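Student: I have a model open and want to know what the labels on it rest on. Can we go through them one at a time?

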Amino acid sequence: MAESSFFGQKSDDAVPLPVAPLMCSATAAPEPTTTSYDASPSRVVLSPIPRRAKTGRQANRPPRSKVVNDSVHGHIELPGYLVEIIDTPQFQRLRDLKQLGTTYFVFPGASHNRHEHCIGVAYLAGEFMDHLRHRQPDLGITAHDVQMVQVAGLCHDLGHGPFSHAFEGWISEMRPDRPDYEHEEMSIEMLRYLIEDNELYYQYTEEDIQLISDLIHGHVKGHTKNRFMFDIVSNSRNSIDVDKFDYLARDSYNLGMKYSYDFRRLMRHSRVINDEICFHSKNAFDIYEMFHTRYSLWKQVYSHHVGKAIEYMISDAYTLADPYLHISKCIDSPAKYMRMTDYIFKQIELSESKELKPARDLIGRIRSRRLYKFADEVLVPAQQWSHFTGVTESQICEYSPPAYPLQASDIILHKFKINYAMQDRNPVDSVHFFSRFDAEESFLIPRGKISLLVPENFMECYLRIFVRDPKKVKTAQRAFRLWLDAIPLVKVSPSRATRIPTPATSPSISPSASPRSAKPVAGAPV
């Protein structure tokens, strides 16, 4: 059979995309003013885009605002410059990307998408900037500043692939020649493609595009004016930003879970001191609650073992289909990448090609819930995690019994961390506060001055094992536990709650019965 492609043609030529009609409302957006920013020579400067005069719809119809009813934020008004981006095929693509990826296969309410999340982030970014502009007019925040921050919030997830973060992990394995690939970088490429394809050159200068890129990445270096703006969409200083405000609220709402902090309170009780967004001291515990909400969602939802099992199954289906659909090549072309949505799952499933049968069968297993199985996990203290980062599937398989040998392809090791968004550090140690007695001086508040019950550790590490064949789950668990017992000087053990009972008729497996039990584990401390 002739080699086919997911994109419908083997040529690298981009297929012309239709331009969606602009949504209309009553209020015309003001023309943006120009603001100067210093660019750092050390940063990667994006290639220039051609400049053109207003043509077509831009010349005849100025961008107009629109009011939408959001499930989390209620009725919100979107300025015309946001509507102009929303009404493009590149942004509408986000409707077909589930916000929580494969989690939707586990939690029925997790059906929301990147489209609504990005609109929510853009709205909150505007609200935050407007609050600071009206509370502190001396900051000199312009309408152009607000526009740049809102566009960064709107476009920060344009570069996500099918099933969101799952696609990034798969690409990192399939395309080692593209170590630079991240959804943030792809978001900038997609934004540039959006501007070129929809002739929005008149709205954005090259300097604007670079600024939006830095706002999405949280790169402050090279900017000397209004550095606090980089704390709003992607806060690299302490991770308190409107992206987090929206996804914590939106995910909790759709999952039917409660959260115990109010991001609106944090925004209302904030101000800029020394070019940094600071918060009222009475909100210190609320900030801990926000990070605990993030931790809880990671613990209970984002890292759910069934969701991860399905994620691995979809990744395997991508791998099986890639020689025929060229999925991994899509990151080389924004025109092709915009066709990469969750629909690829259905594309494989509905295919009648015999070359895609293995991938189609794997998706059939997902539909009938014949999933990869979670076999075991161990919680590793952060200070011992370095001893486990180099472990491979082959090392675990060495401890399987000769009567039931495991191959490396039978199991999957999942290594991950859950933290308060800043690895093993306490993010609140990087948050500055002000008091009701002096709103012009900022200071830090030690953890012990806020509560004696806040955590002392801020990261936990997990090592999990999955099996592709459910019949091998017991064998994999026993091999995994034998391997853990054999690691010298590092004693961690799985929970008793995950132990699978051994029937009396099953062959016994002990460390002495392992053919390699006497050998030290490769990469383990000695």
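Student: Which residues point one way from E8, and which the other way?

Tutor: Met459, Cys461, Leu463, Ile465 and Val467 point one way, while Glu460, Tyr462, Arg464 and Phe466 point the other way. In a regular strand the side chains alternate between the two faces of the sheet. A word on the source: this is a predicted model, where local features need pLDDT of at least 70, side-chain atom pairs count only at pLDDT 80 or more, and totals for chains, interfaces and linings use all residues. Residues are numbered from 1 along each chain as its sequence is written, and side-chain values use heavy atoms, with hydrogens and water left out.

Student: What makes E8 mostly covered?

Tutor: Buried means under 20% relative accessible area, exposed over 50%, partly exposed in between (1.4 Å probe, protein chains only). In E8, 9 of its 9 residues are buried.

Student: How do you know that E5 and E8 pair?

Tutor: Strands (E, at least two residues) and helices (H or I, at least four) are DSSP runs, numbered from the N terminus. Two strands pair if DSSP finds at least two bridges between them. E5 and E8 (residues 459-467) have 7 bridges, in the antiparallel sense. Glu377 stands opposite Arg464 in E8.

Student: How many bridges join E6 and E8?

Tutor: E6 and E8 pair over 9 bridges, in the antiparallel sense. There, Ile412 has Phe466 of E8 as its bridge partner.

Student: Why are E5 and E6 called edge strands?

Tutor: The open sheet has 3 strands in the order E5-E8-E6. E5 (373-380) and E6 (411-419) each pair on one side only.

Student: Which helices lie against these strands?

Tutor: H11 (residues 284-302) lies across E6 and E8, at about 165° to E6. H12 (residues 305-325) packs on the sheet and touches E5, E6 and E8. The direction of H12 makes about 55° with that of E8.

Student: Why is His326 called buried?

Tutor: His326 has 14% relative accessibility, so it counts as buried. His326 sits in the loop between H12 and H13 (334-337). Its phi is near 55°, a positive value in a residue other than glycine. Most residues other than glycine have a negative phi.

Student: What makes Arg369 partly exposed?

Tutor: Arg369 has 41% relative accessibility, so it counts as partly exposed. Arg369 is in the loop between H15 and E5. Arg369 also has a positive phi, about 60°, although it is not a glycine.

Student: How do you know how H14 is turned against H15?

Tutor: Axes are lines fitted to C-alpha atoms, for helices over the stretch in contact, and angles run from 0 to 180 degrees between N-to-C directions. The axes of H14 (residues 343-350) and H15 (residues 357-367) come within 8 Å and cross at roughly 115°. That makes H14 roughly perpendicular to H15. Angles under 35 degrees count as roughly parallel, over 145 as roughly antiparallel, 65 to 115 as roughly perpendicular and the rest as oblique.

Student: Which residues make that contact?

Tutor: Contact means heavy atoms within 4.5 Å. H14 supplies Phe345, Lys346, Ile348 and Glu349. H15 supplies Ala359, Arg360, Ile363, Ile366 and Arg367.
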